[in-house]
Amino acid sequence: MDCEDNDIIERLQKELENRKNDLQTWTDSLEELSEIEDAFEPDERNKLDGKTILDIGTDCVKPLFVALKFNPKKIVGINEEFPYSYTSEIEQKSKLFAGTKIRFYNCSLFDKETLNRILKKEEIRKFNFVLVSKTLHHLRTGKCVEKHKCRDDEKCCKYGFETQDIFKDLLQLGDRVIIYEFFDPNDPDNDKIRGRGGYFIKEEWGRIFDYFRKKNYNVKFIRPEGFLLDKEKPNKVDSTLRKVDTICFYVEK
Ligand SMILES: [Zn+2]
């Protein structure tokens, strides 16, 4: 085989890998949504008529499923990159059979200027829902919080998380912020890209919920079981966090 053949094989292997990942996103998305959907608390017809949703770090598939099942008015998905082969197909072809307008934008939560431009263009002042699914731990700061000398590859680094800043932004964007996180303690943390990413540890969740208490926010757990923070079952959060591998809750002011 000459070099050219090798190049072709390598390209095809990469293409195959991408397609495999794309397919996995569709099934993962279905599973995620089954854990999340109760947080939308749709009306008695099981619809979200007239509602708007911002999906931060979107996989583009969940908006389609949500549109088909709940028929909200509009779903805007933002992501820093769209590695999927089907993003524009969903945006365009969903028009054929879903009443919901689905729009995707290349934008980070931290890019206020672009975000404001999107809101203006979509004529939305504030969304009814902000969905943050498997994305919250990617909203870490750029500063390592470990007490060590950081290696160049940042392999052992962990970036901090500014609860106040992040939730101030999220609650400014939407009336109800829905958080979903999943982690497997036996799995290597594949999501960790340099110091960024990295699952939340129990203590970090503890700090996040302490902040909600301080602000007197309305917090409802959806998974692993439904309860209101500190209202129905005091001290329930601690025992929940100890055994949790899937967590879904919403926050409102
Ligand atoms: Zn470090």
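Which domains does the domain assignment of the protein give? Before I answer, please note that the structure above is a predicted model. The assignment gives domain 1, made of residues 1-49 + 56-127, and domain 2, residues 134-253. Taken over C-alpha atoms, the centres of domain 1 and domain 2 are separated by 22 Å.

Let me turn to the contact between the domains. On one side, 10 residues of domain 1 take part, and they are in contact with 14 residues of domain 2. On the domain 1 side, helix α1, residues 3-36, gives the most, with three residues.

As a general remark, nonpolar side chains tend to be buried together in soluble globular proteins.

Eight strands form an open sheet with mixed pairing, in the order β3-β2-β1-β4-β5-β8-β6-β7. Its edge strands are β3, residues 101-106, and β7, residues 227-228, each of which pairs on one side only. Strand β2, residues 74-79, pairs with β3 in the parallel sense over six bridges. Within this part of the sheet, G77 stands opposite F104 in β3.

Is D55 buried or exposed? With 25 other C-beta atoms within 10 Å, D55 is buried, because the cut-off for that class is 20 or more. Leaving aside neighbours within four places in sequence, D55 is in contact with K62, P63, I75, G77 and L131. D55 and I78 are 23 residues apart in sequence, yet their C-alpha atoms are 6.3 Å apart in space.

I close with helix α6, residues 202-215. This helix has 14 residues and reaches 20 Å from its first C-alpha to its last, close to the 20 Å expected at 1.5 Å a residue. Just after α6, N216 takes a positive phi of about 60°.

Note on methods
Residues numbered from 1 in each chain as written. Predicted model: local features only at pLDDT ≥ 70, side-chain atom pairs only at ≥ 80, totals over all residues. Pairing = 2+ DSSP bridges. Helix = DSSP H or I, 4+ residues; strand = E, 2+ residues; numbered from the N terminus. Expected span 1.5 Å × (residues − 1). Buried ≥ 20, exposed ≤ 12 C-beta atoms within 10 Å, placed from the backbone. Contact = placed C-beta atoms within 7 Å. Domains from an automatic or database assignment.
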